[in-house]
Amino acid sequence: MGADTITKSSQAPPVTSSTNTAKKSLFQPILDLPVVSALVNLITFAWFCFLAPLGKNDGKQANRLDKFYQGQSQVYDKTRSFLLRGRERMLRLIASEAAARNMRKPVWVDVGGGTGWNIAEMDKIMPLDQFDKIYLVDLCEPLLDVARARLAQYPNVVVLKGDATILDLPCDQVDIVTLSYSLSMIPPYFKVIDRVLDVLRPQGLVGVVDFFTSNREEAETDRRGNLINRLFWKSWFEFDHVDLNPARRDYLEHRFECIKSASFRNNMVIPWVVSIPYYIYLGQRSGDASLDSSVSSASEYRPTSTVSGIMTPEQTPVLKHLKESQVPEIDMPEPQLALRKSVHGPSWTAHRMPFDPRNPDQAQFQEFIYSFIWEDPDEDVLQMKLNPSDEMLVITSAGCNALDYLVNAGVKSIHCVDMNPCQGHLLELKIAAFKALDYDELWRLFGQGQHDNFRAVLDRLAPHMSAEAYRFWVAREGAFDECFYKSGYAGNVLKVLEWLFWLTRTQGAAHDMARAATLDEQRAAWKVLRRAFISNATGWALLANPVFLWNALGVPVNQLKMLLKEGSALQYAVDTLDPIADQTLLSKVNFHYLLPLLQHYTQACCPAYLRPKNFDLLSRDNAILLDNLTLHTDTINGVLASLPPKSLTKAVVMDHQDWFDVVSPEQPFPCPGSYLDEEIRLFKQALKPCGEVWWRSSAKRPWYADRWQKAGFQVSQISSRDDRKLLDKVNMYASLYRARLPST
């Protein structure tokens, strides 16, 4: 909390600390004991922060600061590490963004730099010799004494005593400005922010980490605080002349364009009970849009954006405590045409189309559903005859399919659509990994599903992610601590299987099936698992349970009704799993089922994007092939309505049509009020002649194929369980269909 404003003076001469000249105490050996030293530091901190009188206030903040810090300057850093959280992360974000923008020998000003801790810490992240000049500006002489001694070894570091509102520097403009727990201590904060804006050159960065309190009505959920939280911390910090008025953060965000912004809680005393709110902000001067890293090239923004591709409940899908009768029905919104508006915001990437995260249709989702792939992209590429001239629309899901289409077919462009923004955040994380990581780290994240330092990795990925995606993953830094693939709703499959293997004592059979070198070995292991899992009890408890099917497999009520119309849920499971165990070797070719057994992939069996040769392909030339992906957080209908006519050659909509309410076959096309009929109409508008829409269904003969025929499409059943036991390496669906638009 060291820095601040007041009167500018010339750089003060070095001052020899009295501590260095004092005679060593007879008790020094005792004081040097770690426990005793820590206790003395804590007492010193408490005395000068809360108890020691400052004496008569002469109205000069410089004098007040000197009195406040004089007795504690030597223990300042030792007593602030637990209080001033987020400083390292802010510095990592600055370093990552500067590298992404190819900053050469930048000039950095640390406003309110106090003891120089930030600059010394930055040397561990981005060596200081990579900077042309570094200026530390502060008003407090005792803290500046510490900084001068600490930073004397760096010839390009200059320590200045000065007024932050004037910021009189030897140079006219700088590349980077940081304020670490100093903005809240400067009374005329707006003058400081305005001055930083003046000295920051185009494409320059401003980084802030500080305490905050929220406004009463706060749109962003991670910034909200209750009444007690808002009043207590504001009043508490005022004792130390620290102002947590929300206007400080609001004005900062008003004057700069946001690159990254995230709110945190410092649970330093009693976790989750006593938590101090703080935030990290990374911004740039407004209007500096043509940058190399976090800048959007998106041309459309939907401020009233509704929802998107995968149809999920209208309310937040947290169903752990719901009864069967409480599984929500699907109520889709009316499609809205995109409001076209040029967007050049650095908080978005070239891949992610902007959306309004405050919109209830997006805000309802707090977690992704799918963390891994449940479609067979190899079968898609084969059946659809994908090629480099194709322009596609697909449902985002976990993003694996879209990446596979790029790898195996080099598709020209892919619109990835999902109403759940969290699915887009997951695909953004994968895209960023190809841009910033090597293969080994990519494999640790998405092959092993485990990384012991995801927090630091995330800050390296940040320049290649939108602010929304970064904020999402900051809140889930522990996702890779043990097993990433247990995350999301589909992660419940892995958790349930793990429990069932233990309950039925079949862990050995599960291991044998995953490691089987031949089909005969695999079939033997499956016999053991089949006796334990394929039973009437299992069918009743899980496979016919709508709550489990929704939470674990994402199967909604309408789809379950379609499935049960043609047979039982238990028989459906038998028809799904028996051919898989009998005909596909999990350890070599079927990573879809290998993952639930092992909770990770293997180098011998994994999605295409995780193979070394394909990593080279996707990361080559700054991952230029990934520029073919565009991520939409919206409904399929909303995206189709915004696309130019005749712009798509193929679309894959998975099984999402199973989710719709049935339209009577007597109804003419289009049926008023039918969301599906409107989707078909919009596909007819967006597809090129001979364009195709492909889907899978839990039914062999889904009712909605008739709607496509009535719209003028040529509908073909490509495969079904009537003629093939194994449709693909997932075999989760009963049929595969294609609807082709005639050539004229």
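The structure is a predicted model, in which local features need pLDDT of at least 70 and side-chain atom pairs count only at pLDDT 80 or more, while totals for chains, interfaces and linings use all residues. Residues are numbered from 1 along each chain as its sequence is written, and side-chain values use heavy atoms, with hydrogens and water left out.

The chain holds 30 helices and 14 strands, where helices (H or I, at least four residues) and strands (E, at least two) are DSSP runs numbered from the N terminus. Of its 744 residues, 60% are buried; here buried stands for under 20% relative accessible area, exposed for over 50%, and partly exposed for values in between, with a 1.4 Å probe and protein chains only. The chain exposes about 31,100 Å², of which carbon and sulfur atoms supply 54%, the areas coming from the Shrake-Rupley method with a 1.4 Å probe and, for residues, with only the protein chains shown counting as cover. Among contacts (heavy atoms within 4.5 Å) between residues at least 6 apart in sequence, 77% join residues at least 24 apart.

Side chains of opposite charge can pair when their charged atoms come close. A salt bridge is counted when a side-chain nitrogen of Lys or Arg lies within 4 Å of a carboxyl oxygen of Asp or Glu, and this rule gives 34 salt bridges. One of them joins Arg89 to Glu477, with the closest N and O atoms 2.3 Å apart. This pair links distant parts of the chain, since Arg89 belongs to helix 6 (residues 87-100) and Glu477 to the loop between helix 18 (467-474) and helix 19, 388 residues apart. Arg89 is buried, at a relative accessible area of 1%, and Arg89, Arg92, Asp459 and Glu477 are linked in a network of salt bridges.

A further salt bridge, at 3.2 Å from N to O, is formed by the side chains of Lys729 and Asp378. Here too distant parts of the chain are linked, with Lys729 in the loop between strand 13 (714-720) and strand 14 (735-740) and Asp378 in helix 13, 351 residues apart. Lys729 is buried, with a relative accessible area of 17%, whereas Asp378 is partly exposed, with 33%.

Helix 26 (residues 591-598) is largely enclosed by the rest of the structure, because eight of its eight residues are buried. The cover over these buried residues includes helix 13 (377-384), helix 19 (491-504), helix 20 (507-515) and helix 25 (569-583). After helix 26 comes Gln599, whose phi is positive, near 70°.

Trp499, found in helix 19, is partly exposed, with a relative accessible area of 48%. Together with Trp502 and Leu503, Trp499 makes a nonpolar surface patch of about 390 Å². Patches are made of residues with over 30% relative accessible area and no salt bridge, like charges being joined within 9 Å and nonpolar side chains (Val, Leu, Ile, Met, Phe, Trp, Tyr) within 5 Å.

Asp356 lies in the loop between strand 7 (276-285) and helix 12 (360-363) and is buried, with a relative accessible area of 11%; the side chain of Asp356 reaches the backbone nitrogen of Arg358 at 3.0 Å. Lys124, by contrast, is placed in helix 7 (residues 117-125) and is exposed, with a relative accessible area of 67%.

How values were computed:
A polar contact is a pair of N or O atoms within 3.5 Å; within protein, one must be able to donate a hydrogen and the other to accept it, and residues adjacent in sequence count only if both atoms are side-chain atoms.
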